[in-house]
Amino acid sequence: MNFPLYIAKRYIFSKSKNNAINIITRIASMGIIVGALALFVVLSVFSGLRVFSLSFSNDFDPDLKANPKLGKSFYISTEQENQLKKIEGITSYSKIIEERVLFSFDGKQQVTYLKGVDKNFVVVNKASKKLFSGFWLKPDTYQVVIGYGISEKLSVGLFDFNNPFEVFVPKPGKGNISSPEEAFNKEILIPVGIYAISEELDSKYVFADLGLAQQLLSYKTNQISGIEFKTKPNANEDKIITEVQNIFHSKVEVKTRAALNATLYKMLNTENIAVYLIFTLVIIIALFNLIGALIMMILDKKENLKTLLHLGTEVKSLRKIFLLQGTLLSFYGGIIGLILGIVIVEIQQQFQLIMITPSLPYPVVFSFQNIIIVFVTIVSLGFIASVIASSRVTKKLLD
């Protein structure tokens, strides 16, 4: 039998004759439980906010996207398209064109992105499922889908034939310009749908047919500015990226969804780490109570320790008793705190007691990763605190 572990368990579950020590021990245990509870709940909340924040970009950003390394466009041949279809892990792809252009409606103007898409875009991207009003555009037409923000800024409605919704695109070329008609390609568009996702994205795009975008930008039929890919779940993205780059002879760069939103992901990760470190500092402060409780316990059990020493127990074994006692207190406190934290998170997920708006519950996500992080943090810090406290057990103290 492990003698130090046996004594440590006895000390945990037995009361001291000194009531002050019992109170300090309870306070230390509550500090560990509350610390584990708070850290788990906060990490679950930030996991929920992370998922909530990324859900907006996920509606617009594909799994993978290929852009030209040089210039604004590149050419794709029929052979290259056939090769893309054979890549394992790709379920579909969509050819696109993106360019900042000028839109005008009833005397109001706005510069934003025209995004030309082909018929496969509705399979690759979720934007077509986020319509606030109207329906998605039909291929080979002058129909467009605009964002809710653009609709508000320009006061554009659907199927308004009294006031034309116009787009102006600078013509490529050189030489002097004698009239506005020579400077711009111009078309009258028909808004048939309005999408609504987030304030930023709702003012970013006007979706149009790929052929119309090629016509406005004076592109050839096989000239595009990007390809968006939808991949199978758990597909090997690195392998797919390598194959796509080989097909286009490394003239394109392929980015994942995370790379397309590198700034957003970096901000969310930084915030998560900062919150974790702040609450870890709070737990460290709370564990000073554990150090104090163990030192008080050492002083209270001094006579018992002397007896054990005289019976032949080594000082390092006596020191190990309080090391194990502090570690076990952290272990049990961490488990109890996690159980309470899991209950709180599950209650919020099921019953949505805390709301951001009347229709939007505060997002929380249950994650086994957060459980492991909290448990390892509590036990590790508790072990360090126990090492500090148990170091007070010395031969000099017992003599």
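Is Ser390 buried or exposed? Ser390 is buried, with a relative accessible area of 4%; buried means under 20%, exposed over 50%, and partly exposed in between, using a 1.4 Å probe and protein chains only. Before we go on, note that this is a predicted model, where local features need pLDDT of at least 70 and side-chain atom pairs count only at pLDDT 80 or more, while totals for chains, interfaces and linings use all residues. Residues are numbered from 1 along each chain as its sequence is written, and side-chain values use heavy atoms, with hydrogens and water left out.

Let's stay with Ser390 for a moment. This residue lies in helix α13 (residues 368-390); helices are DSSP runs of H or I with at least four residues, strands are E runs of at least two, and both are numbered from the N terminus. Leaving aside neighbours within four places in sequence, Ser390 is in contact (heavy atoms within 4.5 Å) with Ile298, Arg319, Phe322 and Leu323. Ile356 sits 34 residues from Ser390 along the chain, and their C-alpha atoms are separated by 47 Å.

Now look at two other helices, α2 (residues 19-58) and α10 (residues 262-300). Their axes come within 8 Å and cross at roughly 175 degrees. Here axes are lines fitted to C-alpha atoms over the stretch in contact, and angles run from 0 to 180 degrees between N-to-C directions. That makes α2 roughly antiparallel to α10, a label for angles over 145 degrees.

Next comes the inside of the protein. A nonpolar core is a set of buried Ala, Val, Leu, Ile, Met, Phe, Trp, Tyr and Cys residues joined through side-chain atoms within 4.5 Å. The largest one has 42 residues, and Leu84, Phe103, Phe165, Ile227, Phe229, Val244 and Phe248 touch the most other members. Strand β3 (residues 90-105) gives the largest share of this core, six residues. A second, separate core of 25 residues includes Ala36, Val45, Ala293 and Leu328.

Finally, let's visit some backbone angles. Most residues other than glycine have a negative phi, and most peptide bonds are trans. Asn234, however, has a positive phi near 65 degrees, and this residue lies in the loop between β11 (226-231) and α8 (237-247). Asn234 is exposed, with a relative accessible area of 84%. Ser250 also has a positive phi, of about 60 degrees, and is found in the loop between α8 and β12 (252-256). With a relative accessible area of 40%, Ser250 is partly exposed.

Definitions and conventions. Parallel < 35°, antiparallel > 145°, perpendicular 65-115°, else oblique.
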